[in-house]
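Dear colleague,

Please find below the structure that I am handing over to you. My notes on what was found in it follow directly after.

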Amino acid sequence: MKEDIVRIAKAIDFAARAHASQRRKGAAAEPYVNHLAEVALLVAEATQGADASLVIAAYLHDTIEDCKVPYETLVAEFGKDVADLVREVTDDKDLSKAERKRLQIEHARSASPRAKHLKLADKISNLNAILASPPADWRAGRKREYFEWAAKVVAGCRGVNPWLEARFDAAYARRAELG
Ligand code: ZN
C-alpha cells in the first residue's frame, strides 16, 4: 500500500515531465497532464482503487506514443507489468493514421481486460474534451466522425466495467450538441 503511493506519485511526476511541453488539441489548450489525470481518476474510481498498476499505467499511457519514452525505460522505472500495459494501448506510429485507427477497432476485442479499462477511460476523456473544448479547426463532421470511431473501439471493450461503459455512453449521447 505505502509502496503504491510512492509508485503513483512517481508516475505522476514522470508523466508531467515527459508531457511538459504538450497541450491538448482543444481550443482551451489545457496542459496534456490534465488528460492523464482524468484517465487515471476514471480507472481508479472504476476499480475502486484495487489496481495501483492500472492507475500508474493510466498516467503513463501516452508516454511511448507521444514522448517516445522507450518501453525498456518504463520496465526499469515501473516494472514489466506497467510497461506491458502501456505498450498494449500504444499505437504504432510507423503506420498511417487511417491504419492506426482501423487497428484500434480491430485490437480492442482481443485486448486484456485492464487494457480495455484504459481504452474506455481514454475515449471518455477524449469525448468529454471534444464536447467541452473542441479543436478550433474541427468542423462538426470531424467531431462526429471521432465520436463514431470511438464508439467502434469501445464496442470491443464492453463487458469489463459497466460504470465506465455508462460514462462513455453518457458522453456519446451528447453527440447532437456537436452541431
Ligand atoms: Zn490518451
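The buried residues of α3 pack against α1, α2, α4, α5, α6 and α8. Here buried means under 20% relative accessible area, with exposed over 50% and partly exposed in between (1.4 Å probe, protein chains only). Helices (H or I, at least four residues) and strands (E, at least two) are DSSP runs, numbered from the N terminus.

Please note that this is a predicted model, in which local features need pLDDT of at least 70 and side-chain atom pairs count only at pLDDT 80 or more, while totals for chains, interfaces and linings use all residues. Residues are numbered from 1 along each chain as its sequence is written, and side-chain values use heavy atoms, with hydrogens and water left out.

Helix α3 is mostly covered, with 9 of its 9 residues buried. One of them is Ala 58, which counts as buried because its relative accessibility is 0%. Ala 58 touches Leu 36, Val 39, Ala 40, Val 43 and Leu 118, residues up to four places away in sequence not being counted; contact means heavy atoms within 4.5 Å. Between Ala 58 and Val 39 there are 19 residues in sequence and 6.0 Å in space, C-alpha to C-alpha.

Leu 118 is in contact with Val 39, Val 43, Leu 54, Ala 57, Ala 58, Leu 85 and Val 89, leaving aside its neighbours within four places in sequence. The largest nonpolar core has 51 residues, of which Leu 60, Leu 74, Phe 78, Leu 118, Leu 127 and Phe 168 touch the most other members. Such a core is a set of buried Ala, Val, Leu, Ile, Met, Phe, Trp, Tyr and Cys residues joined through side-chain atoms within 4.5 Å. The elements giving two or more residues to this core are α1 (2-18), α2 (32-46), α3, α5 (71-78), α6 (80-88), α8, α9 (140-155) and α10. The most comes from α8, with 8 residues.

**The zinc site**

The zinc ion has as protein donors His 35 (NE2), His 61 (NE2), Asp 62 (OD) and Asp 122 (OD), lying 2.1 to 2.5 Å from it. Donors are N, O and S atoms within 2.8 Å of the metal (3.2 Å for Na, K and Ca); water is not among the atoms, so sites may look incomplete. Along the chain these donors follow the spacing H-x25-H-D-x59-D. His 61, in the loop between α3 (52-60) and α4 (63-67), and Asp 122, in helix α8 (residues 113-132), are 61 residues apart and link distant parts of the chain. His 61 counts as buried at 3% relative accessibility, and Asp 122 counts as buried at 14%.

**Aromatic pairs**

A search of the whole structure finds 4 aromatic pairs. Rings of Phe, Tyr and Trp (its six-membered ring) pair if their centres lie within 6.5 Å; planes under 30 degrees apart count as stacked, over 60 as edge-to-face and the rest as tilted. The rings of Trp 138 and Tyr 146 form a tilted pair, because their centres are 6.2 Å apart and their planes at 45°. Both of these residues, Trp 138 and Tyr 146, are buried. Phe 168 and Tyr 172 are stacked, because their ring centres are 6.1 Å apart and their planes at 15°. Phe 168 and Tyr 172 are likewise both buried.

With kind regards
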